[in-house]
Amino acid sequence: MFKNIFDIYNRNLLDILFLMVLVILPVTSLIFIAIIYFGTAFDGELSVFFLGYSIIINFIICLPPFLWMILKDLNDEKAGLKKCLTFFATQFGPLLFTSFIFYTLAIYTSWMMLVPTILILLFTMIYPFFSDYPTLKDMFIQAKNKIFEENIAIFVDLIIIISTLVLLWAGMTYFMQNYDNNIVSFMLIRSLLNMIVFPFLYIYLTVRYRNTEEEFTMINV
């Protein structure tokens, strides 16, 4: 598994570097600025709601160009940076809207048992890995099937993702507190961490969730 991940990374290193700068850096920076702005504008539950959503959407929104690249690589094809960015542009709006709906449902079902909330959050994290399918219905069906197939494993993956991001950010924050920093410094550090970690997570999860023997029916971009 890990050898396969590093092989994919090395084969697409140049495209990954460009996607880090053109996608992860600006998206993470904008979301960080939004956290600062809305964190002071909202109070109590709304502030926590927005903070949680910002973390999830940061991970989801940056996924599509990497997903396109990885699936093409698994299919022994070259993705092309332009196609990756085009796919990112076509998926930005739908993922932003649908993930907000699912995240809101997860929060407002938390007064019930934790099971509905956990399932919705799992679905929210999984369905973007099927965004190459031509319709939202196809994406949702594939994500639902994958959750029923590997529910415990997917939950463990979700815990690993959250723990990794939180620990890295906490560790870097602790390290940086000994220096004279400002908002820009923290924004750049957060972006740098995401630029390093996200590609490996995307490759690992795509290989995990997508059957490499399937015939990829990727939408035209």
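Buried, for a residue, means under 20% relative accessible area, while exposed means over 50% and partly exposed is in between. Keep that handy as you work through this predicted model.

**Exercise 1. Get your bearings**

Work out which elements the chain has, and what share of the chain is buried.

*Solution.* Start with the elements: there are nine helices and zero strands. Reading from the N terminus, that gives α-α-α-α-α-α-α-α-α. Next, burial: of the 221 residues in the chain, 43% are buried. Finally, take the contacts between residues at least 6 apart in sequence: 77% of these join residues at least 24 apart.

**Exercise 2. Helix 4 against helix 9**

Describe how helix 4 and helix 9 pack, and say what kinds of residue make the contact.

*Solution.* Find helix 4 at residues 63-74 and helix 9 at residues 183-209. Their axes are 10 Å apart, and the packing angle is about 55°. That angle makes helix 4 oblique to helix 9. As for the hand, this crossing is right-handed. Now look at who touches whom: helix 4 brings Leu63, Phe66, Leu67, Ile70 and Leu71, and helix 9 answers with Pro199, Tyr202, Ile203 and Thr206. Sort the residues of this contact and you get eight nonpolar, one polar and no charged.

**Exercise 3. Helix 1 against helix 9**

Helix 1 also meets helix 9: find the angle at which they cross and the residues that meet.

*Solution.* Helix 1 covers residues 2-11. Its axis and that of helix 9 come within 10 Å and cross at roughly 120°. To name the arrangement, recall that 65 to 115 degrees counts as roughly perpendicular and over 145 as roughly antiparallel. Helix 1 and helix 9 are therefore oblique to each other. Helix 1 passes helix 9 with a right-handed crossing. On the helix 1 side you'll find Asn4, Ile5, Phe6, Ile8 and Tyr9, and they meet Pro199, Phe200, Ile203, Tyr204 and Val207 of helix 9. The tally for this contact is nine nonpolar, one polar and no charged.

**Exercise 4. Helix 4 against helix 5**

*Solution.* From helix 4 come Pro64, Pro65, Leu67, Trp68 and Met69. From helix 5 come Lys83, Cys84, Phe87, Phe88, Gln91 and Leu95.

**Exercise 5. Ring pairs**

Count the aromatic pairs, then explain why the pair of Tyr127 and Phe140 is edge-to-face.

*Solution.* Ring centres within 6.5 Å make a pair, and the count comes to 18 aromatic pairs. For Tyr127 and Phe140, the centres are 5.6 Å apart and the planes stand at 75°, so the pair is edge-to-face. Where do these two sit? Tyr127 is in the loop between helix 6 (114-126) and helix 7 (136-149), and Phe140 is in helix 7, so the pair ties together parts 13 residues apart in sequence. Check burial too: Tyr127 is buried, at a relative accessible area of 0%, whereas Phe140 is partly exposed, at 24%.

Phe129 lies in the loop between helix 6 and helix 7, while Tyr209 belongs to helix 9, so the parts tied together are 80 residues apart in sequence. Phe129 is buried at 0% relative accessible area, and Tyr209 is buried at 3%. One more thing to spot: Phe59, Phe66, Phe198 and Tyr202 are linked into a cluster by ring pairs.

**Exercise 6. Two residues to look up**

*Solution.* The phi of Asp76 is near 60°, a positive value in a residue other than glycine. Most residues other than glycine have a negative phi.

Val184 is in helix 9 and is partly exposed, at a relative accessible area of 47%.

How values were computed: Residues are numbered from 1 along each chain as its sequence is written. This is a predicted model: local features need pLDDT of at least 70, side-chain atom pairs count only at pLDDT 80 or more; totals for chains, interfaces and linings use all residues. Side-chain values use heavy atoms; hydrogens and water are left out. Axes are lines fitted to C-alpha atoms, for helices over the stretch in contact, and angles run from 0 to 180 degrees between N-to-C directions. Helices (H or I, at least four residues) and strands (E, at least two) are DSSP runs, numbered from the N terminus. Angles under 35 degrees count as roughly parallel, over 145 as roughly antiparallel, 65 to 115 as roughly perpendicular and the rest as oblique. A crossing is left-handed if the near helix is turned anticlockwise from the far one by less than a right angle, and right-handed if clockwise. Contact means heavy atoms within 4.5 Å. Ala, Val, Leu, Ile, Met, Phe, Trp, Tyr, Cys and Pro count as nonpolar, Asp, Glu, Lys and Arg as charged, and the others, Gly among them, as polar. Rings of Phe, Tyr and Trp (its six-membered ring) pair if their centres lie within 6.5 Å; planes under 30 degrees apart count as stacked, over 60 as edge-to-face and the rest as tilted. Buried means under 20% relative accessible area, exposed over 50%, partly exposed in between (1.4 Å probe, protein chains only).
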